[in-house]
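Please read this briefing alongside the sequence and the 3D view.

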Amino acid sequence: MPTYLPWLDLLRFVACVLVILSHMNPFPENPDANHFGHNGVGLFFSISGYLIGSVLINGSTKPAWVSRFYANRLLRIYPPLLVGLVFFGTLVALGLGNSPHMWDKFVGNLPYYLTFTAQLSPNQGDPYAIVWTLCVEEYFYLLLPLAYWAVGPRWTAVGLVGVIIVLSEPGLRMLPGTQFGTWFLIPVNLLAGAILAAFRPTMREGRPWIGLLGLVMVVANGIFGWFRPPFGPVMGLVTTITVWSFAVTRMPVPRSMNWLVLCGKWSYGIYLVHLPFCSAGLRVAQRLGLDEGPKVLYFGVATLVATVGATVLAAAMYYVIERPISAYRTAVTDRPWARGLATAIQVSLVPIGLLYWLWVRSGR
């Protein structure tokens with residue numbers, strides 16, 4: 001991106017907190033009422049759609065821009081994912097999982113985690129099932145550049161509008177012959193974010209009031225679950241308008257909120273490592289005896305502990321892994337052989353996962 005958008009980093013951190021709160025299971029007596037996580041993920045999808053669409057548009061004037069994009073995506077996404085898998089797997093190997101069979105499931109699913117095909121695993125990626133969102137974005141990363149290259153951003157946006165219209169048909173909300181929701185594989189939030197990017201919205205003065213109202217709507221939907229799952233047209237529009245409002249706000253983020261922006265820079269790492277900290281947060285709250293008191297206090301303290309722990313580790317990942325690799329990306333993309341190798345790895349991961357899945361299904 002030619003311009004840094006700090007408001008979107010703030011929004012990323014809010015989305016992380018919603019996901020963490022969801023994994024606390026704040027409604028144990030009614031688990032079906034827990035919608036915070038999916039609404040937070042919906043925000044992530046709209047942010048990703050907008051940013052990736054913008055990156056492609058801004059980079060399309062450079063030579064070999066498609067391969068540059070793929071190489072950059074590999075270097076941005078894959079190393080932190082490997083760190084997250086090592087961290088989670090080490091804890092499970094040490095016996096800190098919450099079930100005796102967690103290690104076997106984790107090892108069995110590693111090929112799916114590493115190839116962004118977790119939805120194809122027998123248990124849809126459990127116990128590190130959060131990787132499903134990365135899988136969805138990976139498919140998007142693979143296809144959107146090709147669409148931009150073939151027909152350009154505007155016609156791609158028109159095609160995405162058509163996809164949203166088709167997916168809004170009630171009969172197509174489930175993948176044929178499966179129990180898997182179509183919106184979980186092709187979330188409207190992600191498509192709408194890319195559509196927004198294609199029209200290059202201009203910066204605006206004032207505060208992001210519309211975005212704040214949209215954020216209230218996202219949180220309210222997380223509590224009441226009016227629109228489930230929140231990956232359909234209604235919440236896709238809400239989250240994308242929220243992203244638009246924050247993205248085009250020219251006003252600086254208030255100084256008192258700069259720490260939220262900084263935490264938002266670490267949001268990818270927070271998402272990758274937060275699951276063990278959720279368990280730790282609940283244990284801390286129990287040790288303090290808060291489980292006998294008001295549920296708001298109990299889950300509030302547990303969420304705070306989990307968020308702080310995950311954020312600290314994610315910050316370390318950012319400065320030790322993510323930022324050094326980011327600084328090295330130009331050296332890779334400017335060398336044709338290195339760029340070609342990174343591109344080949346990036347575009348082959350999902351096909352390798354599909355081949356592995358077919359090999360397992362064949363019983364060999």
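**Aromatic rings and overall fold**

Phenylalanine 184 has a relative accessible area of 23% and is therefore partly exposed, a class that lies between buried, under 20% relative accessible area, and exposed, over 50%, with a 1.4 Å probe and protein chains only. This is a predicted model, in which local features need pLDDT of at least 70 and side-chain atom pairs count only at pLDDT 80 or more, while totals for chains, interfaces and linings use all residues. Residues are numbered from 1 along each chain as its sequence is written, and side-chain values use heavy atoms, with hydrogens and water left out.

**Aromatic pairs**

- Rings of Phe, Tyr and Trp (its six-membered ring) pair if their centres lie within 6.5 Å, and planes under 30 degrees apart count as stacked, over 60 as edge-to-face and the rest as tilted; by this rule the count comes to 23 aromatic pairs.
- One of these pairs joins phenylalanine 13 and tryptophan 259, which are edge-to-face at 6.3 Å centre to centre, with 70° between the planes.
- Because phenylalanine 13 lies in helix 1 (residues 6–23) and tryptophan 259 in helix 10 (residues 258–265), this pair ties together parts that are 246 residues apart in sequence; helices here are DSSP runs (H or I, at least four residues) and strands are runs of E, at least two, numbered from the N terminus.
- Phenylalanine 13 is buried, at a relative accessible area of 7%, whereas tryptophan 259 is exposed, at 52%.
- The rings of tryptophan 132 and phenylalanine 184 have centres 5.7 Å apart and planes at 50°, so this pair is tilted.
- Tryptophan 132 belongs to helix 5 (residues 131–167) and phenylalanine 184 to helix 6 (residues 182–185), so that distant parts of the chain, 52 residues apart, are linked.
- Tryptophan 132 counts as buried, with 16% relative accessibility.

**Other ring features**

- One aromatic cluster is formed by Phe88, Trp103, Phe106, Tyr113 and Tyr128.
- The charged end of arginine 73 sits over the ring of tyrosine 141, 5.3 Å from its centre, a term that requires NZ of Lys or CZ of Arg within 6 Å of the ring centre and within 35 degrees of the ring normal.

**Overall fold**

- The protein has 13 helices and zero strands.
- Of its 364 residues, 50% count as buried.
- The C-alpha atoms fill a box of roughly 60 × 60 × 45 Å, taken along the principal axes.
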